[in-house]
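Please consult the sequence and the structure shown below while reading.

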Amino acid sequence: MKNIKILGIVTTIFLVLLISLFGILAAFGFFGSKRPESEKPAIEKDFETKKSEYLISENGTKAVIKTDLGEMEISVPESSAGKKFLELAKSGAFDGTEFKTLAENMFIQVSVPAENFSAEKTEFACLYGTLAFVLEEDFVSPSFFIVMNKSLSGFSKAYISEKTFPEEKSALYEEFGGIPEYEEKTIVFGKIISGFDTAEKIASAKKSGYTGGYSALSPVKIISVEISD
């Protein structure tokens, strides 16, 4: 009888210690619990804040690019290049244009016959799903491409290292993929927020030849670009 009582006491003590241990582990996030934002170290908050400076927000002006293969909804920030894209879209400059240059796993490109225009360079990273105007000397041509590279190539990683990218921007490229070596040649002005499948369909279309990109055999056409009020 005495042994049974002792066993009961030992069992109770063990359970109390076990429950306490689980509580401690949970508090430190060992079971996937996420720390409240207020409890994150200041250095971690600062890192996330700096990362956001290179990301295009999904809260920008919304526009829908309608194509033969489907739609892509994009977010356009309040930058000079972003405003220029919206201005061109409202004028119908992109209606009827085609994705003639395709480089699967790199980009899909549209060219529009129009005068060049100046635009301020931005710090936005050239990530997968972003849209960017192509720089031509000191001007930007109203041709743009959509980045389709989901992961970094060895060349891209070496480029980031050589150019000593900020740690926060490097982390974004590791997370989302993209073409960091194109940052000097382009101005990023938007990003896809839905309709990635449409972009992938366009990129995987039949193509031939290579002159900076493959020529689409049957180019996908932009029907219109509609801007949300």
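Helix H3 (residues 80-91) comprises 12 residues and spans 17 Å from its first C-alpha to its last, close to the 16 Å expected at 1.5 Å a residue; the expected span is 1.5 Å times one less than the number of residues. Helices (H or I, at least four residues) and strands (E, at least two) are DSSP runs numbered from the N terminus. The buried residues of H3 are Ala81, Gly82, Lys84, Phe85, Leu86, Leu88 and Ala89, where buried means under 20% relative accessible area, exposed over 50% and partly exposed in between (1.4 Å probe, protein chains only). An α-helix has 3.6 residues a turn, so residues three or four places apart point the same way. Just after H3, glycine 92 adopts a positive phi of about 85°.

The model is predicted: local features need pLDDT of at least 70, side-chain atom pairs count only at pLDDT 80 or more, and totals for chains, interfaces and linings use all residues. Residues are numbered from 1 along each chain as its sequence is written, and side-chain values use heavy atoms, with hydrogens and water left out. The mean pLDDT (the predictor's confidence in each residue, from 0 to 100) is 82 for the protein, and 72% of its residues reach 70 or more.

**Aromatic pairs**

Rings of Phe, Tyr and Trp (its six-membered ring) pair if their centres lie within 6.5 Å; planes under 30 degrees apart count as stacked, over 60 as edge-to-face and the rest as tilted. By this rule the protein has 12 aromatic pairs. Two of them are set out here.

| Pair | Type | Centre to centre | Angle between planes |
|---|---|---|---|
| Phe107 and Phe145 | tilted | 5.6 Å | 55° |
| Phe133 and Phe189 | stacked | 4.4 Å | 25° |

Phenylalanine 107 lies in strand S4 (residues 107-111) and phenylalanine 145 in strand S6 (residues 139-147), so this pair ties together parts 38 residues apart in sequence. Both phenylalanine 107 and phenylalanine 145 are buried. Phenylalanine 133, in strand S5 (residues 130-136), pairs with phenylalanine 189 in strand S7, and the contact therefore ties together parts 56 residues apart in sequence. Phenylalanine 133 is buried, with a relative accessible area of 0%, and phenylalanine 189 counts as buried at 0%. Ring pairs also link Phe85, Phe94, Phe133, Phe144 and Phe189 into a cluster.

**The largest pocket**

About 230 Å³ of space lies in the largest pocket. Of its 15 lining residues, the closest to the centre are Leu55, Leu127, Tyr128, Phe176 and Lys191. On a 1 Å grid over the protein atoms alone, a pocket is an open set of points where a 1.4 Å probe fits, with protein on both sides within 12 Å along at least five of seven lines; lining residues have an atom within 4 Å of a point. Strand S7 (residues 186-194) gives the most to this lining, with 3 residues.

**Two threonines**

Threonine 164 is found in the loop between helix H4 (154-162) and helix H5 (167-176). Phi of threonine 164 is near 50°, a positive value in a residue other than glycine. Most residues other than glycine have a negative phi. Threonine 164 counts as exposed at 63% relative accessibility.

Threonine 130 lies in strand S5 and counts as buried at 4% relative accessibility. The C-alpha atoms of threonine 130 and glycine 178 are separated by 8.5 Å, although these residues are 48 residues apart along the chain.

Terms used:
Points joined across faces, edges and corners; volume = space filled by probe spheres on them.
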